[in-house]
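Here are some short notes to read alongside the model. Please keep the structure open and find each residue as it comes up.

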Amino acid sequence: MGDADLSRLSTQLEGELVTPGDAGWDAARQAWNLAVDQHPAAVAVVTSPDDIAAAVRFAAEHGLGIATQGTGHGASALESLDDVLLMKTEHMNQVEVDPDAQRARVGAGVIMRDLVDAAQAHGLSGFPGSSPDVGVVGYTLGGGLGWLGRRFGLACGHVRAIELVTADGELRRVDAETDPDLFWALRGGGGNFGVVTAMETTLLPIAEVYAGSLILPAENGREIFHCYREWAEAVPEEVTSIARFLRLPPLDEIPEPLRDRPLVTLGACYAGDDGKGAELVAPLRELGEPVMDLFATMPAAQLVTIHMDPEQPVPGLTNHALMRELPEEAVDAFVDAAGPESGSPLLLAELRQAGAALAPVSDSAALPGLDAGFVLNAVGVAMEPGQAAAINTHLDAVCDAVAPWATGGRYLNFADRRADLDVLYPADTRRRLSAVKERWDPEGLFRANYTLPAV
């Protein structure tokens, strides 16, 4: 493939083709996660399904792979992009809401804040996760673990149709009736089967929730986490919650009481009948004098702000574990490894409550749920290259500490580190996914965070 070939592709695109040596190369190749240094063969910044189809045909003709990013939050799991055309979809950011059908059609580059704001205008809600600027399509294809999860399950289970360009360069619309196997695989199988151009998803008739967080000093973190464990065991499925150790950097944009001090945050969302939220949260308010109490009735669109995820790109390093259960011994092990006396350099270490509707009860999607009671997720931000080693060491230590209670499995959207496919999917699911890959992409054109082999 030479410069002349790339020039011909450039003339076929309404968007932009950026190649090494171009003035905008470094910006074009960068993922949202600044810890990832991507070096693809070229970057196609696409604006339409026609752009995507042209780029897919070009890659197939010239022996290149295709990788797709809406934002690049989870880009660190990708393998080498040396022989890959990287497709950026951020300009395909249209959201269409049908309030009567309670559905939304989202373009490939729509971020979560755009979807939840559009739904809120009609008194509806999507399936928001913890980040306001994660791409909706990537989040959903990888599962979609969010604040309404224990009541409604993973976001991928609520997708009703997907539009994508497959390896033959054709645009297709698939659903449970037209291509049931491909539709099954897309919902939890990631970007293995084509380039998604748009997705139709159910919206929920939820305009308000009782939600927020309680921010406490971390000195009594062990007691707080034990009390949280008991509280979480008793709450109904309408409650989804997260308990974290948190240490925010000393930045001007962070409220002064929260800067550079060890904290515990207890976040929760109650998506049920009016009037019960404050009652359910009341035991948490008895755990100590808070630095901040942010619980309130709020528009559902504000759920993406509770976790206080950064809205600008950062160099993030992560590790996680799925936990079967959370006995007292597991809490102690977690606190010993992640609490304020552990010497942790991490930004956060958290336990996300699973169970209820998040449990896998069918095989209607490739990822129908999480076989776990809690999900441990830990994140470090390496602002300087020399910090990465200490952060990765402590990420390992936190997950190793809870290993006796872990399932050994992984959740696709959190698996930023490379992992074997057999810890992401059960054997039967993995074989079925590979069979779908063989049918739709036998040459392995599409490179996902975890690229499936064909049969």
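1. This is a predicted model. Start with D260, which sits in the loop linking β11 (239-246) and β12 (263-270). Its phi is positive, about 50°, although D260 is not a glycine. Most residues other than glycine have a negative phi. D260 is partly exposed, its relative accessible area being 41%, and the range for that label lies between under 20% for buried and over 50% for exposed.

2. A356 is not a glycine, yet its phi is positive, near 55°. With a relative accessibility of 35%, A356 counts as partly exposed.

3. Now turn to a strand pair. Strands β7 (residues 159-165) and β8 (residues 171-174) run antiparallel and are joined by four bridges. Which residue of β8 is the bridge partner of E163? It is R173. The two strands, β7 and β8, form a hairpin with five residues between them. In the turn, G169 has a positive phi of about 80°.

4. The last point concerns two helices. Two packed helices are described by the angle between their axes and the distance between the axes. For α7 (residues 180-189) and α12 (residues 427-440), the angle is about 120° and the axes are 10 Å apart. The crossing of α7 past α12 is left-handed. On the α7 side, the contact is made by D181, L182, W184, A185 and G189; on the α12 side, T429, R432, L433, V436 and W440 take part. By type, the contact residues of α7 and α12 are six nonpolar, two polar and two charged.

Note on methods: Residues are numbered from 1 along each chain as its sequence is written. This is a predicted model: local features need pLDDT of at least 70, side-chain atom pairs count only at pLDDT 80 or more; totals for chains, interfaces and linings use all residues. Side-chain values use heavy atoms; hydrogens and water are left out. Buried means under 20% relative accessible area, exposed over 50%, partly exposed in between (1.4 Å probe, protein chains only). Two strands pair if DSSP finds at least two bridges between them. Axes are lines fitted to C-alpha atoms, for helices over the stretch in contact, and angles run from 0 to 180 degrees between N-to-C directions. A crossing is left-handed if the near helix is turned anticlockwise from the far one by less than a right angle, and right-handed if clockwise. Contact means heavy atoms within 4.5 Å. Ala, Val, Leu, Ile, Met, Phe, Trp, Tyr, Cys and Pro count as nonpolar, Asp, Glu, Lys and Arg as charged, and the others, Gly among them, as polar.
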